Amino acid sequence: MPLQMISEHPYSFVHEREGIVYVSGATTIDYDTHQPVPGRRPALDAALNEVERRLGTVGLGLADVAKVTYYLVDISLRSEANEQFQDRFPPTKPARSVVGVSAAPYGGCAVIDVIAHRKPANQ
């Protein structure tokens with residue numbers, strides 16, 4: 001699905017300014033049906049897959065991420081978030097925050113957003 005402005009979402013899914021790329025929060029839903037993904041780790045993987053897809057639209061990937069924020073409806077998901085972080089990000093890990101929240105859009109259990117950096121062309 002190409003990135004597009006959805007009428008109820010008046011923001012960009014990805015925004016780049018001076019080599020810094022901001023990816024809006026992706027939630028733990030199936031983006032085709034807008035239904036929550038069942039299971040703890042599968043739900044987190046769905047959100048991070050969407051983050052990765054959005055990064056890909058500007059030619060970046062998880063290796064370009066400098067900062068990750070997990071917003072968790074159930075703070076006990078921190079264990080799965082830590083496991084995912086270890087599994088999916090490169091050995092030089094980005095900075096990371098975990099924030100407990102009371103709800104996520106579409107009934108999801110978490111939202112993940114990232115800030116990435118585009119390396120200068122001469123590097």
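1. A quick definition before anything else: buried means under 20% relative accessible area, exposed means over 50%, and partly exposed is in between (1.4 Å probe, protein chains only). With that in hand, Tyr106 is partly exposed, at a relative accessible area of 37%. Tyr106 is in the loop between β6 (95–100) and β7; helices (H or I, at least four residues) and strands (E, at least two) are DSSP runs, numbered from the N terminus. Its phi is positive, about 60 degrees, although Tyr106 is not a glycine.

2. Some ground rules. This is a predicted model, where local features need pLDDT of at least 70, side-chain atom pairs count only at pLDDT 80 or more, and totals for chains, interfaces and linings use all residues. Residues are numbered from 1 along each chain as its sequence is written, and side-chain values use heavy atoms, with hydrogens and water left out.

3. On confidence: pLDDT is the predictor's confidence in each residue, from 0 to 100. The protein has a mean pLDDT of 91, and 91% of its residues reach 70 or more. Go carefully with residues 1–7, though: pLDDT stays under 50 there, and the model has 11 contacts beyond four places in sequence for them. Contact means heavy atoms within 4.5 Å.

4. Glu18 also deserves a look. Its phi is near 50 degrees, again a positive value in a residue other than glycine. For context, most residues other than glycine have a negative phi. Glu18 is found in the loop between β1 and β2 and is exposed, with a relative accessible area of 78%.

5. Now helix α1, residues 40–56. Its 17 residues should span 24 Å at 1.5 Å a residue, and the end C-alpha atoms are 25 Å apart, which agrees; the expected span is 1.5 Å times one less than the number of residues. Buried residues in α1 include Arg41, Asp45, Glu50 and Arg54, along with Leu44, Leu48 and Leu55. Among the elements covering the buried residues of α1 are β2 (20–27), β5 (65–72), α2 (78–88) and β7 (110–117).

6. Which residues touch the most other members of the largest nonpolar core? Leu55 and Tyr70 do, in a core of 26 residues. A nonpolar core here is a set of buried Ala, Val, Leu, Ile, Met, Phe, Trp, Tyr and Cys residues joined through side-chain atoms within 4.5 Å. β2, α1, β5, α2 and β7 each supply at least two residues of this core, and α1 gives the most, with five. Leaving aside neighbours within four places in sequence, Leu55 is in contact with Val21, Val23, Leu60, Gly61, Leu62, Val65, Val114 and Ala116.

7. On the rings: Phe, Tyr and Trp rings (six-membered ring for Trp) pair if their centres lie within 6.5 Å, with planes under 30 degrees apart counted as stacked, over 60 as edge-to-face and the rest as tilted. That rule gives two aromatic pairs. Tyr11 and Phe13 are edge-to-face, at 5.9 Å centre to centre and 90 degrees between the planes. Phe85 and Phe89 have ring centres 5.1 Å apart and planes at 40 degrees, so this pair is tilted. Both Phe85 and Phe89 are buried.

8. Arg96 lies over the face of Phe85, at 5.6 Å from the ring centre. The test is NZ of Lys or CZ of Arg within 6 Å of the ring centre and within 35 degrees of the ring normal. Arg96 turns up again among the residues that Lys67 touches, a list that also includes Pro94, Asp113 and Ile115 and does not count residues up to four places away in sequence. Lys67 lies in strand β5.
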